Amino acid sequence: MEKISKELKAVANEIFLKGYEKASQSFSSLSGEKVNIKNFELFFGEAPDLLQKIIKTKNPSILITDIIGETKGKSYLVFSEKDAQAVPDMLIQKMKSLESNPDFAEIILKEVDNMVSAAVITEFSNQLDLKIYGDVPKIIFPEEANREWLQDEIEENEHMFAILSSANFAFENNLKICPYFIWILDKEFYSVLNQKKLSHAN
């Protein structure tokens, strides 16, 4: 992968942080509690290298969202076993209509993915003047997220570059969840990031 400039890193950091802040506002509306973003981090690398982090996460639940439009890619939102249980257990208190639905945990995790991934994708679209959007997410349960599955994902994304973003969402009731995203982006996306005029620089 070509060297990433300091300017590009700064812009990417701004885009992702704004996306996370908007996601925290959505979390606040959904949970009825103030939610703060803490320990935000961003890393760049080759897709196969960053995807290896998934296998190091114990019993992960993974939400995959395809990025569609002028450039292609996908996002992997990864929850630890603990967070994948804590988030639905907390939000079901505010989403009573789902209590009788046996798939309520999956529905809530997909809703969380929609909030966070859509917020970041929207920021990318606005800041870089790109027509991109996220497709409907699909979920990979812990029993499916094995080494064979991961190897297939690595081979499929062998020539892609990636961004790993992570942050703690801290709720007023002292609950803290720490999901992380792996964003797999076409090499063309990397070129666009370097060549597009950034809207804030105009």
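Beyond its neighbours within four places in sequence, S166 is in contact with Y20, N39, F40, E41, P179 and Y180 (contact means heavy atoms within 4.5 Å). S166 lies in strand β6. Strands (E, at least two residues) and helices (H or I, at least four) are DSSP runs, numbered from the N terminus. At 14% relative accessibility, S166 counts as buried. Buried means under 20% relative accessible area, exposed over 50% and partly exposed in between, with a 1.4 Å probe and protein chains only.

The model is predicted: local features need pLDDT of at least 70, side-chain atom pairs count only at pLDDT 80 or more, and totals for chains, interfaces and linings use all residues. Residues are numbered from 1 along each chain as its sequence is written, and side-chain values use heavy atoms, with hydrogens and water left out.

N39 is placed in strand β1 (residues 35-46). N39 is not a glycine, yet its phi is positive, about 55°. With 57% relative accessibility, N39 counts as exposed. The charged end of K53 sits over the ring of Y180, 4.8 Å from its centre. The criterion is NZ of Lys or CZ of Arg within 6 Å of the ring centre and within 35 degrees of the ring normal. A positive phi also occurs at N59, again not a glycine, at about 45°. N59 lies in the loop between α2 (47-55) and β2 (61-69). Its relative accessible area is 34%, so N59 is partly exposed. Most residues other than glycine have a negative phi.

The structure holds 8 aromatic pairs. Rings of Phe, Tyr and Trp (its six-membered ring) pair if their centres lie within 6.5 Å; planes under 30 degrees apart count as stacked, over 60 as edge-to-face and the rest as tilted. F16 and F124 form an edge-to-face pair, 5.3 Å centre to centre with 90° between the planes. This pair links distant parts of the chain: F16 is in helix α1 (residues 6-31) and F124 in helix α4 (residues 104-128), 108 residues apart. Both F16 and F124 are buried. Y20 and F169 are stacked, with 5.8 Å between centres and 15° between planes. Y20 lies in helix α1 and F169 in strand β6 (residues 161-171), so the pair ties together parts that are 149 residues apart in sequence. Y20 and F169 are buried. Ring pairs link Y20, F27, F40, F169 and F171 into a cluster.

Helix α1 has 26 residues and, at 1.5 Å a residue, should span 38 Å; its end C-alpha atoms are 37 Å apart, which agrees. The expected span is 1.5 Å times one less than the number of residues. Among the buried residues of α1 are L8, V11, A12, I15, G19, A23, S24, F27 and S31. G32 follows α1 and has a positive phi, near 80°.

The 25 residues of α4 should span 36 Å, and its end C-alpha atoms are 36 Å apart, which agrees. D129 follows α4, with a positive phi near 55°. The axes of helix α3 (residues 81-91) and α4 come within 9 Å and cross at roughly 95°. Axes are lines fitted to C-alpha atoms, for helices over the stretch in contact, and angles run from 0 to 180 degrees between N-to-C directions. Helices α3 and α4 are therefore roughly perpendicular (65 to 115 degrees; under 35 counts as roughly parallel, over 145 as roughly antiparallel and the rest as oblique). A84, V87, P88 and L91 in α3 meet F104, A105, I108, L109 and V112 in α4.
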